Amino acid sequence: MKLSKNFGKTQKETSGDAELISHQLLIKSGLIHQVASGIYSYMPIAWRSLKKIENIVRNEIDKAGGQEIRMPVLQPQEIWDLSGRTEIFGSDLFKLSDRRKRKLVMAPTHEEVLTLMVKTHVNTYKDLPLLIYQIQTKFRDETRPRGGLIRVREFDMKDAYSFDISNEGLDQNYNAMIAAYENIYNRIGLETIKVEADSGAIGGQASHEFMAVSSIGEDTILKCSKCDYAANSEKAEFVRIKQKTISEKILPLEEIHTPEIKTIESLTKNLSLDPDKMIKTLIYLDSNNQPLAAIIRGDLDVNETKLSNLNDGKDLRLATSEELSNLNIPYGFASPIQLKNIKIIVDTSLNFGNNYIIGSNKENFHYKNSNYPRDFSSDIVSDIALAKPQDLCVKCNNKLDLKKGIEVGHVFKLGTKYSEKLGAMYINSENKQIPIIMGCYGIGIGRLLSAVIEQNNDQKGIIFPKSIAPFDAMLSVINTKQENIRKIGEEFYSNLMDCGLDILYDDRDESPGVKFKDSDLLGLPFRIVLSERNLKNQQVEIQERKSGKQELVSFETAIEKIKMKIQL
RNA sequence: CGGGGUGUGGCGCAGCUUGGUAGCGCACUUGCAUGGGGUGCAAGGGGUCGUUGGUUCGAAUCCAAUCACCCCGACCA
């Protein structure tokens, strides 16, 4: 394509609105155009790259046995009511109604429609397994779109769904998709790590996320410094360390006067004891305002996702001090001891120490030498703690590191959650109706592009990996005003195109500086320079964007050389 | 939703405190020069100052409401 004809221009300056490098580069290079918050148009050059990404994704999912279909964005709200996700998605779900006042939604994902399709078209175990996917525009009314294409409200996503008759079948599909995802990231030049994840609003038994490690990532990952264990912060587990001063002897409970000492921090100071000698009691309220007590060692923080999962996934929030006094719990002195009619969830950390300081439910008093389960009971003992860097890996006992990541793929084992709710059953060999076992697998196309740019750039601009570069190379012709050079350039361009190469031909009447800057900014894998200086010596310059390495080759062999380099 | 910020030619910004009818850079048009790292000179075109209402003889500027966008948090396949 001739750059002079391209719809879209590079800019010298970017809006102060753009903070992320990928966002700045996408705007500076004229690749995207913002229409509204979290809503973008893709300009021709970006669209080429996105189509390449899309095709790599399509190719890998096809290889994994996927069948591509296309489902509508617009869907009746009733099917979302049926699965119960109208409420779960809440305000993130774009809703509208048609002229007959029928309620519709703009789909943020497609489990419902596809499960209902499968219900119609699958009858027997002989029809399974299936792996169905589409690449479709999704809509989510995000609370806060941000970072250019990183988090948007309208975006293209590949979503795949597996349907199996056994957990082994599900495992197979799940693993096949993980392998496909890893191929995709390799091919598009994105470094990712696979982490264990919480299954969130989609629901289900197991889930992994693929994270592009990046300091601007929105997600927090804990990754073992030695082994391959990695999980996002909602999911991450860790080994509880035993108390340093663990007492052999369990001492009797004793009340101590602690006036106005309401926090672990002030207890630590006033009693000269480490926080891991204390127990903290946090009272949460769920969406129905049902209270819940989370009991955890003083040096640890509660992971609200883990806690919520133990409470039917209901949203939780900390009770205010007024709400506490309504429950007869003095703020700052809450305690599981003598706590009645409240569900108590205890973190496993309490099993690794004894003789703790603990609240008393009495204003200005704590107990010392409290021991679990001697002094209080619990409804559930489980891991409800938030992992921190330096905590120990559950697999190998080495230290965990904290990293930030951009979520670029998510896979879930759904199980029978949707098939049961929507009645997607098959008949087994014994003529019994059995719910189909499902999995779902998502990967965001636009987010991949911005993640790749976020990872592949330098001071000068984007450095496109070959596989997703909008063109194979930039042909910069210097001084197009000179008739003979322009002619050579035109011919050279069409010869390159005839070789099947995809060339962006800078035929503009611009100064060399402008052409070079734009070429670097756009970051195609190679730049080919035709100029008077080189042509005098019958030479053509080829520069690799990534390394900056320049090479002068003879005019005759230039096309062959270029072809070789590009196809390498 | 809470906190902070910003809306002025296509883009980036100044002007607002102290009211007097809009300016700079980039981009654009034309001409001349230049031609290996955003080149130089000259001449031009283009703005409902986010919107609505108010105060005033007079509002980009003061007041009020409202909308949009960005950042942090909360939230989030």
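What follows is a working chat about a predicted model of chain A.

Reader: What share of the residues is buried?
Author: Of the 568 residues in chain A, 52% are buried. As for contacts between residues at least 6 apart in sequence, 71% of them join residues at least 24 apart.

Reader: Which domains does the assignment give?
Author: Domain 1 is written as 18-68 + 107-236 + 402-454, domain 2 as 254-382, and domain 3 as 471-567.

Reader: Take domain 1 and domain 3. What separates their centres?
Author: 39 Å, taken over C-alpha atoms.

Reader: How many residues are in contact there?
Author: Seven residues of domain 1 touch six residues of domain 3. The two domains bury about 550 Å² between them, and 69% of that is on carbon and sulfur atoms.

Reader: How many salt bridges cross the interface of domain 1 and domain 3?
Author: One. The polar contact count between domain 1 and domain 3 is also given as one residue pair, both residues at pLDDT 80 or more.

Reader: Which elements give two or more residues to the domain 1 side?
Author: Helix H1 (21-28) and helix H2 (44-63). The largest share of that side comes from H2, with three residues.

Reader: What do the side chains of aspartate 502 and arginine 48 do?
Author: They meet in a salt bridge, with N to O at 3.1 Å.

Reader: On to packing. Which residues have the most contacts inside the largest nonpolar core?
Author: Leu31, Tyr181, Leu190, Val408, Tyr441, Leu448 and Leu449, in a core of 59 residues. Helix H6 (residues 167-188) gives the largest share of this core, nine residues. At least three residues come from each of domain 1 and domain 3.

Reader: What lies apart from that core?
Author: Another core, of 23 residues. Met71, Leu130, Tyr161 and Phe412 are among them.

Reader: Back to Val408. Leaving aside neighbours within four places in sequence, what is valine 408 in contact with?
Author: The contacts of valine 408 are Tyr185, Leu190, Thr192, Phe210, Met211, Ala212, Ile443, Gly444, Leu448 and Ala451.

Reader: Leu448 and Ala451 are in H11, then. Is helix H11 mostly covered or mostly open?
Author: Mostly covered: ten of the eleven residues of H11 (residues 445-455) are buried. The buried ones include Arg447 and Glu454 along with Ile445, Leu449, Val452 and Ile453.

Reader: New topic, cis peptides. Where is the bond with omega about 0 degrees?
Author: Between leucine 128 and proline 129, and that peptide bond is cis. Proline 129 sits in the loop between helix H5 (111-121) and strand E7 (130-139).

Reader: And what about the peptide bond from tyrosine 372 to proline 373?
Author: That bond is cis too, with omega near 5 degrees. Proline 373 is in the loop between strand E19 (365-370) and strand E20 (380-382).

Reader: What is phi at glutamine 390?
Author: Near 85 degrees, a positive value in a residue other than glycine. Glutamine 390 is in the loop between E20 and strand E21 (400-415).

Reader: Last one. Is threonine 109 buried or exposed?
Author: Threonine 109 counts as buried, at 3% relative accessibility. Its place is the loop between strand E6 (103-106) and H5.

Reader: What does the side chain of threonine 109 make a polar contact with?
Author: The side chain of glutamate 111, at 2.6 Å.

Technical notes. Residues are numbered from 1 along each chain as its sequence is written. Chains are lettered from A and ligands numbered from 1 in the order in which they are written. This is a predicted model: local features need pLDDT of at least 70, side-chain atom pairs count only at pLDDT 80 or more; totals for chains, interfaces and linings use all residues. Side-chain values use heavy atoms; hydrogens and water are left out. A nonpolar core is a set of buried Ala, Val, Leu, Ile, Met, Phe, Trp, Tyr and Cys residues joined through side-chain atoms within 4.5 Å. Buried means under 20% relative accessible area, exposed over 50%, partly exposed in between (1.4 Å probe, protein chains only). Helices (H or I, at least four residues) and strands (E, at least two) are DSSP runs, numbered from the N terminus. Domain bounds come from an automatic or database domain assignment. Contact means heavy atoms within 4.5 Å. Buried area is the accessible area (1.4 Å probe) that two parts lose on being put together, summed over both. A salt bridge is a side-chain nitrogen of Lys or Arg within 4 Å of a carboxyl oxygen of Asp or Glu. A polar contact is a pair of N or O atoms within 3.5 Å; within protein, one must be able to donate a hydrogen and the other to accept it, and residues adjacent in sequence count only if both atoms are side-chain atoms.
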